[in-house]
Structure formats: C-alpha cells, structure tokens
Amino acid sequence: MATTTDAPGTARGAATRAKILAATAGLLTATAGDGGPRRTVTVSEIARAAGVYPNQITHHFGSKDRLVLDASFALFLRDTTRLQAVGRRARSAETFRQTLARTALAMPSTLLVVRALAATGDDDGQRERVRLLLAVLFRQSERYLERVVAEHGWASGSGVGRDARTFWSAVFGATLLADAGVIGGPSDLDLAGTVSIT
C-alpha cells in the first residue's frame, strides 16, 4: 500500500506517477513496434518495469485503462511536436498537407491512441479524460496551424480550428480501419484533403 509520502499530491507521489507513466509508455512503444499480434500490457508488467507495487498503479491512476490512455497520449503529443517540425519545412501548402497526413499515419503512437480511445467504453470518467486530452490536441494543433498559415501567408478555407479537428478525426478513423484489417485503409483516403490550407 502506498504511504502518505507517496500520495498523488506530494513530490514523491509525482515522482512515482512519472515512473509509472514512463514505464507504461516504454512498454506500449515496445508492443506497438514488435510487429507481432496485438498484445495487451498487464498491470504486473507495468509495475515490474516501473519498480512499484501493482496497487500503486490504481492508487495513482485509478485504473490500467486510464494509465494506458495517459501514456498513449503522452507519446502521441510528443510525436506531434515532431510532426510540426516536419510540417514547418514544407515550402508549399500542398506539400504541407501531404507531409502532415503521411507523417501522422506513420507515427506508432497514433495506433496506441486509437486503441486507447477504443477501450474507453461507457466509463464516464474515461470519457471525460478523453474529452480533455482531445481538447489539448486540438488546441495545440490549431495554434500550430495558425502560426504556419501566418508565416507562409497561406489561408485556411474552413478555419484552422475545423481543419485541426477534421484532420485528426480522419487520421484516427483511417488508423482504426487499418488496425481492424479493413482492406484499403489510409492509402485509399485523401487525408491531405481534410486540411483546407492553400
């Protein structure tokens, strides 16, 4: 059982939480990149990798699903900063749109987030957490698009807020279809066309 010095609001609690989150992110990355069949990370694997007791995971995160969601989004938001760097190097609006679509689909963390979103189910707490995390993603993406449009003198026909939400919704949908083994998938979709920047 966690001690009071390991409580979520303490420095020690924050350090434990960070260790658990980092260990989970590492395990998720390994399972996403192993090329084998889909495998679920267990609480005991996470605890072992983080050097904590299994009950500390529920103490700090409430559930494994919440932890997996947070770790997946942490990896995903980190990857979106790389996506933004790649996008900034584009010299035309068309190349920019194509680069965003190609890179977003190639990020292993995209699949992790889609799987975590699919596991949300009817849990109201999880749904609220998803809303919060998606709001962060959409805000960051909107600010990024605003900067790029201003720097290059481009325009967004639909507005950058709508472009950001539509783009990520299409990316998540295409990734979900590909993960489900649907014939076709991302390569058959015009994801670049979901961004109205010209």
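Tutor: Happy to! The count comes to 7 aromatic pairs, where rings of Phe, Tyr and Trp (its six-membered ring) pair if their centres lie within 6.5 Å, and planes under 30 degrees apart count as stacked, over 60 as edge-to-face and the rest as tilted. One of them joins F73 and F76 in an edge-to-face arrangement, at 6.2 Å centre to centre with 80° between the planes. This is a predicted model, in which local features need pLDDT of at least 70 and side-chain atom pairs count only at pLDDT 80 or more, while totals for chains, interfaces and linings use all residues. Residues are numbered from 1 along each chain as its sequence is written, and side-chain values use heavy atoms, leaving out hydrogens and water.

F73 and F76 lie 3 residues apart in helix α4 (residues 64-88), so about one helical turn separates them. Helices here are DSSP runs (H or I, at least four residues), as strands are (E, at least two), numbered from the N terminus. F73 and F76 are both buried, that is, under 20% relative accessible area, against over 50% for exposed and in between for partly exposed (1.4 Å probe, protein chains only).

As for the setting, the chain has 8 helices and 0 strands, and its pattern along the sequence reads α-α-α-α-α-α-α-α. Of the 198 residues in the chain, 40% are buried.
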